[in-house]
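We will walk from stop to stop, and at each one you will hear what to select and what to look for.

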Amino acid sequence: APPLGLITIAAMLPPHWRLRLIDCNVEPLHDADIDAADLVMTGGMLPQQADTFELIRRCRELGRPVIVGGPDVSSSPHLYSAADFRFIGEAEGTIGGFVDDFERGVRSGEYTAPKFQADVSASPKPRYDLLDLKNYLYLSVQFSRGCPFTCEFCDIIELYGRAPRTKAIDQVLTELSALHAMGYRGHVDFVDDNFIGNKKNVKLLLPHLIQWQRDHDYPFEFSTEASLNLADDMALLQMMKEANFFTVFIGIESPDEDTLTATSKKQNTRRSIVESLRRIYGAGMYVTAGFILGFDTESDATGRQLIDFIGESGVPVCMVGLLYALPNTQLTRRLAAQGRLHPGYDVLPEGGDQCTVGLNYDPTRPLRDILLDYRAVLQAIYEPAAYIRRVEHLMEML
């Protein structure tokens with residue numbers, strides 16, 4: 001996936017600044033690249049943490065100022081004290097002050113945005129022209145930020161709030177038109193935290209998105225992330241189908257209702273999750289799903305329950321992860337109050353990600369049991385015959 005955050009920041013910078021994008025996911029960053037720059041701007045999420053630390057170190061050694069931002073910097077700014085500049089929060093309201101300071105010769109500082117107040121309708125069209133399109137499986141756009149729900153383990157509501165803010169319809173269509181004009185065709189991902197978090201506005205967008213697709217002979221197929229209550233709104237599902245959405249990621253987390261209630265994932269309770277998924281399949285979209293192991297309410301039966309649920313549901317692609325206490329979440333605050341957080345819980349081991357490195361707190365059941373369940377689930381759901389059965393089951397429901 002392209003670095004949508006960086007190319008959005010690039011669009012906020014003065015037009016006389018000469019910019020170069022180096023995406024370290026797909027190409028090396030050489031010392032000569034850093035030497036050639038007046039300023040290095042980077043940042044990202046928790047999985048990019050170790051790489052960002054290393055980039056800061058290299059920039060300091062080579063005498064180049066470095067500015068960092070993004071979700072992990074906003075959540076754990078103390079970890080990034082070695083950077084010359086730090087952006088905390090959304091940049092739309094603070095980038096102008098930084099530009100003024102830098103052009104006046106200021107070479108260090110911190111810029112903190114008021115929480116949840118960035119006007120995304122003023123966010124510029126990303127600099128897609130900086131991308132080398134051959135490096136990416138798909139391209140991305142953003143319609144909204146934030147999510148109305150209160151999942152205990154999630155940091156989205158801490159970073160972007162519970163009142164999803166949306167771009168204007170014309171903004172989204174302009175961005176899609178820019179991709180089309182570049183000659184791009186195929187998969188476009190709406191990277192929203194919850195595409196239907198602001199149902200009123202997404203229902204206003206979709207008829208225009210459908211018409212744009214018709215007018216341009218359906219050049220794109222869309223994916224996104226949404227909450228399971230998408231299944232409750234057949235009119236919304238039909239509009240997404242007509243707009244050519246083909247897949248949606250949904251955080252299911254657990255088939256156990258007690259676990260969902262305990263972790264404040266109440267939007268997944270009081271319903272048949274399997275029947276909800278089938279309604280989405282019936283609209284012509286398949287579901288990729290997130291599941292988590294490590295909740296306090298789990299039992300020795302949890303692994304088997306998860307294997308059986310995934311088989312019954314027909315979910316073809318499953319992201320099964322170990323629960324990780326993200327900084328500044330309700331979960332982290334609770335675990336800290338209980339004395340269960342590990343020292344350095346907010347520093348991700350190099351080479352890992354928050355789904356696979358293990359739990360960064362003391363769980364209520366033996367860690368060995370959780371890890372054995374994790375291995376058993378992954379082996380069971382991606383054993384070839386089991387995977388094929390799920391795909392065949394899914395095709396019957398689509």
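Helices (H or I, at least four residues) and strands (E, at least two) are DSSP runs, numbered from the N terminus. This is a predicted model, in which local features need pLDDT of at least 70 and side-chain atom pairs count only at pLDDT 80 or more, while totals for chains, interfaces and linings use all residues. Residues are numbered from 1 along each chain as its sequence is written, and side-chain values use heavy atoms, with hydrogens and water left out.

**Stop 1: a loop residue**

Select Leu 19, in the loop between helix 1 (4–12) and helix 2 (31–35). Is Leu 19 buried or exposed, or partly exposed? Its relative accessibility is 30%, so Leu 19 counts as partly exposed; buried means under 20% relative accessible area, exposed over 50%, and partly exposed in between (1.4 Å probe, protein chains only). Now show its contacts (heavy atoms within 4.5 Å). Neighbours within four places in sequence aside, Leu 19 touches Ala 10, Leu 13, Arg 127 and Leu 130.

**Stop 2: helix 5**

Next, select residues 95–103, which are helix 5. Ile 95, Phe 98, Val 99, Asp 101 and Phe 102 are buried here. They share one side of helix 5, because their arc around the axis is only 165°; the arc is that of the directions from the helix axis to the C-beta atoms. The buried residues of helix 5 pack against helix 1, strand 1 (40–43), strand 2 (66–69), strand 3 and strand 4 (109–112).

**Stop 3: aromatic rings**

Rings of Phe, Tyr and Trp (its six-membered ring) pair if their centres lie within 6.5 Å; planes under 30 degrees apart count as stacked, over 60 as edge-to-face and the rest as tilted. By this rule the model has 23 aromatic pairs. Select Phe 53 and Tyr 80: their ring centres are 5.1 Å apart and their planes meet at 55°, so this pair is tilted. Phe 53 belongs to helix 3 (residues 49–61) and Tyr 80 to the loop between helix 4 (71–75) and strand 3 (85–88), so the pair ties together parts that are 27 residues apart in sequence. Phe 53 is partly exposed at 27% relative accessibility, whereas Tyr 80 is buried at 2%.

Then select Phe 143, Tyr 184, Phe 190, Phe 195, Trp 212, Phe 220, Phe 222 and Phe 245, a cluster linked by ring pairs.

**Stop 4: the largest nonpolar core**

A nonpolar core is a set of buried Ala, Val, Leu, Ile, Met, Phe, Trp, Tyr and Cys residues joined through side-chain atoms within 4.5 Å. Which residues touch the most other members of the largest one? Among its 78 residues they are Phe 195, Leu 206 and Phe 245. Helix 8 gives the most to this core, with six residues. Centre on Leu 206: beyond residues up to four places away in sequence, it touches Phe 195, Leu 236, Met 239, Met 240, Ala 243 and Phe 245.

Asn 244 is not a glycine, yet its phi is positive, near 80°.

**Stop 5: helix 15**

Finally, select residues 384–397, helix 15. Ala 386, Arg 390, Leu 394 and Met 397 are buried. Their arc around the axis is only 75°, which puts them on the same side of helix 15. Pro 384, Arg 389, Met 395 and Glu 396 are exposed on the other side. What covers the buried residues of helix 15 includes helix 11 (273–282), strand 11 (286–293) and helix 14 (367–381). To finish, show Tyr 382: Arg 390 lies over its face, 5.7 Å from the ring centre.

Notes
A charge sits over a ring if NZ of Lys or CZ of Arg is within 6 Å of the ring centre and within 35 degrees of the ring normal. The expected span of a helix is 1.5 Å times one less than its number of residues.
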